[in-house]
Every structure is written in C-alpha cells, then in structure tokens.
Amino acid sequence: METFLETLVRGVMLGSVYALLALGLVLLFKSSRILNLAYGYMLMLLGYIFCLFFVTWGLPAAFSIILVFIIAALLGLVLDRFAFRPLIGQPIFAIIVLTLVLGFLFDGIAILGWKSLPLPIGLIPAGGVSLGAIRLPYAELLSFIIALLLFAVVVLLFQRAKIGLAMRCVAEDHQLSQSMGISVKRIFAISWAISLVIAAVAAILLGSMQTVSPMLSFVGLAKALPVILLGGLESIPGALVGGLIIGLAELFSITYLDPVLGGFSGIMPFILMLLILLIRPYGFFGLRIIERI
Amino acid sequence: MLPSGIFNTKYQTDIAIVRTKTQWFLLIAGLVILFVVPPLLFTPVWLSWIVRSLSVTIIAVLGLHILTGLCGQISLGHAAFVMVGAYATGIITSQLNWSPWATLPLAGVVAGLVGVIFGAPSLRIKGFYLAMSTLAAQFIIIWLVKYFSGVTGGVIGINVTRIGSGVERYYLAAGLVVALTFFAKNMQRTNLGRSLIAIRDNDLAAQVMGINLFRYKLIAFFIGCFYAGIAGWLWAHSLGNITPEDFPLMRSIWYLGMLVVGGVGSTTGAVLGAGSMELLDKLTLDYLSPWLAAAFPAIGAQIASVSGYIVFALVVILFLILEPRGLYHRWEVFKSSYRLHPYSY
C-alpha cells in the first residue's frame, strides 16, 4: 500500500514536469505547426549550459538561471529565423527531417563540450519531507510546484494577455491573422522563444531531480512526444492530462512491471501512444481534423 | 527533356528508360566498371566498406525511398526494420542451420511483415502522427530484441557466418544493389508505383480515383521494409555479428537525411544521396577528424566520435534550406544544360 501511494504521488509530480515540457511543444505546434522533434536535445543542451554557468563557473543561481533563459530565447529566435522560416511552405517531411537533424547537431555539441557525462546540478538541497510513510525528495516537490505555477502563468498569458490572444488567433488561421494586422512571423519567433524558455525551466527541474545527462534528450523524445499525442497536439489541457498519465504510467511500470519485464518502463509511453493513435488518432483533447480535397 | 534529334516515334521508345545508343553504351560500360574495377584496384578495407556500409545503406535507403519518397509515409523506424531482417537471418541460420541463400528472401519477408504491422496505423493517421508511430516501432523493436535474449543473444548479439571471401562479397553486394535499384526504378513506372505517387500527392484525391488506400499503403510498407530486410541480411552476412546497438534511432534519421540530400521521390536521388553521404562520412572519419583532433587536442577524443554526424547534420540542414529538391535536381539541371549546350534554351 505504501509503495502504491508513493508511486502515485511521485508519478503525479513527475507527470507535472512532463506536462510542462509538453506545454512547450504544444505552444509551438499551435502557432507554427512545427512539431519539434529536437526538443529533447535542446533540453539537454540547455541543461548543460546551466551546469556550465552554475557548477563550473560558480555564478550565483539567480544570475545563471536568467542567463540560461536569455540564451534559450536567443536560440529560439535564431532557429526560427535561420532554420525554420526558409522552410515555410515545404512539406511536413522537411520539417520532420530538419528537427531530427538539428537534434544530431545539439547532441554533437553536447558531446564536444561536456563529453555527454552526467552532471549533478545541486541547486535544490538533497533530502526531503516525510508524509506518513511516503518520502518525497525536495527536488521533486519543488519541481511539482514550479511546474504547476509556470503552467498556470502560461495559460493565463494565453487566455488573458494581448499577445496570447494574437497567438491563439495565429493558431486558428495564418492568413486571417495576417489580415487582422498580427505579424505571423513575430508570433512564430515569440512562440519559439517561449517554448525554449519552458524547455530551459524543465531542463533545470529534471536535472535537479536526476542529473543533467543525455537521458534528458531521451525524455524529450520518449516522454514529451507521447504526452502531447495522448493529449492532442493542439490542446493545453491535453498536455496536463497527458503529462499526468505518462508520469503515472512510467512510475507504476517502474515499480510493478520492471521486475517482471526488464526495461519495460522505457517503452511504456510508446505503447500508450500507439494505442491512442489507433483508437483516437487526434488524442483526448485534440482537434478532429476534417479534410476536404 | 530528350537529347537533340531524338523523337519518340513508337510507344516503346516513349516508355524506355534507356533511350539512345550512347546511353546503352554508358550503362554497359558503367556496369562493367562496377564489376571489374573495384576488386582489382581497391584495398580490402575499402572493398569491405563498400559492402557493409555503402551497399547496405543504398539498399535500405531505396526501401525508404519507396515508402517515404513515393508513397509519402514517413518512417522514423527504418533502422529497426533493417534490424528485423538482420536478426531474422541471424536467428534462422544460427538456430536452424539454414543456408544464407534460403534466408535471403525470408529476411525480406519477415521485415516486410513487421513493417506492415507498424504501418497498419497509417490507415487512420498520417504526417506527424504516423512518424510518431514508426518512432515507437524503433524503440519497441529494439526493446523486444533485448528482452528475448534467449533467442537473440540480448546485448551481445548473434554471430553469423560470413559469406565467401571479400571479393565474392563485393560481387554479391554489387549484384544486389544493381538488381534492387532496377526493380525500384521500374516499379515506379507501373500501376503500383503511380498509385503510390498519387497517394503521396493527395491521398483523398487518390481514394476518389479508386485507389484502395489501405491496401496500397500496406504494400508500400511491405516493399519498403522488404528492402530493409534485404539490407539487414547483407549486413549480417558481411559483418558476421549483429547487436541491438548497431541499429539506433540515429541510423533511421541518417536514412531520412540521405533521402533529402539525394532528392525525395527519385530512385537516382536515393542512390546518389546514400552513396554521397556514406562517402562523406567515411572521408570525414578518415581524414577530417584526425586533422581536427590534432588541431584541437583538448577535445580530440570527442571529435573522433562526433565529427561524422555533425558534418552530416550540417550538410542535411544546408540541403533542406538551400536545395530541398536535392542532388537529383542538380543532376537534372546539369543534364539539360549539357544537352542544350551551345544554346541556353
């Protein structure tokens, strides 16, 4: 029973970080129709850059966090301007290959700069709180709170702020937004920047829960993508629900399935994803696409 | 565009792949050179590179060309299908002692059937969604191979008997590549090939024209993965050892990148892309990375391991942005300007 409860609580906490990750992907997909398959590699690279500032150079925590955010936003702007804008109008295949290949590039940079070694961050102190029989590490608790807060902030931005309205409009129709005086290019750039800043937050959180390592790139590929397919590519509530499902599924399969089927937790998200693709291809909350010739 | 002075007077000349005497001469000369020169001139190291890297990749990319280039079904798990072919022949030859020749078609068929299983969702989904389901195939197949270690040897893999000597393997590989390229090129011009292209260009319109989407998509998956299986067979019997680590997601991405560099939707492009990128990788590893490692000794060890795919990534990105139609389009431009030579059009 205690194992069950602990798995449940930790699953929810991990799931909230996955939801945050997925939010970055969904934001970008909504406005620009780009599914960023290199997200995990960007996550890893941003995590390593944070390690460089905070661990290697010993800069103050707040300062290095702000620096990483600036770098993430700049990376987003550069990618948008020089890699993805020339591809507007190209088939989906080009975008898929470009994001995958960018992943290669970031992976290569991580190996060149950091040898892809796991690095502990040590931002959040070790230890944890005990709730009855359940022990929760501070890192996970704090990640949970920060992830939910940031999720709320982004949702508020989307629903209440003027720029959020513009982003929702672009998500609806590019041509229409253009004729309403919204610069689609600017919205693309802003979405990229926000998406990568979210990735930076998630990288620091995940890095504190475990270490900064190439595992982060696997998280982007094997956890964040199933999350958004489960929830629906365009849906923000879907990202939250999908994140919780994948987080719970991962921890429950680590606790209960891995002793029987070694390493099954690694492909559990994919199996859930395949099932949802077969039963409800557009996810729980995604838009059902009706096509006309 | 036809060469000057050549007119299509008969239906046969209109559909011929090889049209003029010069082209026949070049084709035959090329084939003779392909089969005679490398065994005489190349060192054994290069010969075995041609067999186990170049030929395997060309065959696998041809399969991906049929699946993605012609039918438009994006596969991110092609390396896993190559792996299925390799393991099928590895398990059958080592456990049942079958001859490698009997497993050649079998490896293709097994990989094809596995491809059909993972291609089945393509009836309902496409684009990003289908790419995700084939991505799942990549991870699930590798997990299955590692999990059933009793049959597959787990992480250690299987040892397979290699076929013949180095030169014999070269002939085998060259023969397979030529035959499979010919098949792919011809298939493109049949009813089947045209149906696949119609599905790629607009699947709803294709359905309205009476093409059974489900059937043709599955056929595309079967043929594409059949090629992958043959590539896996060649891999297993030329390398002599297969492990799950030989077929990571990275290889699947390489195949897609090669397709882009060559030019999506053309057989010539697939062969060109696979050949040039494999050669570039080999040259980078052999010449560029030792030089770079000597220039930057602090990170020398890492340069050796990543220079190959950083160069690959940069080349593919440049092609996507500057020439999305690939090498094949450049080759066509060159051909027409050569045919028109003294005049500009």
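The model is predicted. H6 of chain B covers residues 128–147.

Just after H4(B) comes B:Asn97, with a positive phi of about 60°. This residue is not a glycine. B:Asn97 lies in the loop between H4 and helix H5 (100–119) of chain B. It has 8 C-beta neighbours inside 10 Å; the cut-off for exposed is 12 or fewer, so B:Asn97 counts as exposed.

Chain B as a whole has 15 helices and 2 strands. Its radius of gyration is 21 Å, close to the 20 Å that the globule rule gives for 345 residues, so chain B is as compact as a globular protein of that length. Along the principal axes, its C-alpha atoms fill a box of roughly 65 × 55 × 40 Å. Buried residues account for 44% of the 345 residues in chain B. Among contacts in chain B with a separation of 6 or more, 76% join residues 24 or more positions apart.

Confidence scores are as follows. Chain B averages a pLDDT of 87, and 99% of the residues score at least 70. For the model, ipTM is 0.88 and pTM is 0.90.

The two chains touch. Contacts link 35 residues of chain A with 38 residues of chain B. On the chain A side, helices H4 (92–114), H9 (215–231) and H11 (268–279) each supply at least two residues. H4(A) gives the largest share, 13 residues. By class, this side of chain A has 28 nonpolar, 5 polar and 2 charged residues.

Chain A also holds a hairpin. Strand S1 (residues 128–131) and strand S2 (residues 134–137) of chain A pair in the antiparallel sense over 4 bridges. Within the pairing, A:Val129 stands opposite A:Leu136 in S2(A). The hairpin has 2 residues between its strands. In the turn, A:Gly132 has a positive phi of about 65°.

A positive phi is also found at A:Arg33, about 60°, although this residue is not a glycine. A:Arg33 sits in the loop between helix H1 (2–32) and helix H2 (39–56) of chain A. With 17 C-beta neighbours inside 10 Å, A:Arg33 counts as partly exposed.

A:Met209 belongs to helix H8 (residues 184–209) of chain A. It has 18 C-beta neighbours inside 10 Å and so counts as partly exposed. Neighbours within four places in sequence aside, A:Met209 is in contact with A:Ala139, A:Glu140 and A:Ser143. A:Met209 and A:Tyr41 are 168 residues apart along the chain, and their C-alpha atoms are separated by 18 Å.

Conventions. Residues numbered from 1 in each chain as written. Chains lettered and ligands numbered in written order. Predicted model: local features only at pLDDT ≥ 70, side-chain atom pairs only at ≥ 80, totals over all residues. Contact = placed C-beta atoms within 7 Å. Nonpolar A, V, L, I, M, F, W, Y, C, P; charged D, E, K, R; others polar. pLDDT = per-residue confidence, 0-100. Rg over C-alpha atoms; globule rule 2.2 N^0.38 Å. Buried ≥ 20, exposed ≤ 12 C-beta atoms within 10 Å, placed from the backbone. Expected span 1.5 Å × (residues − 1). Pairing = 2+ DSSP bridges.
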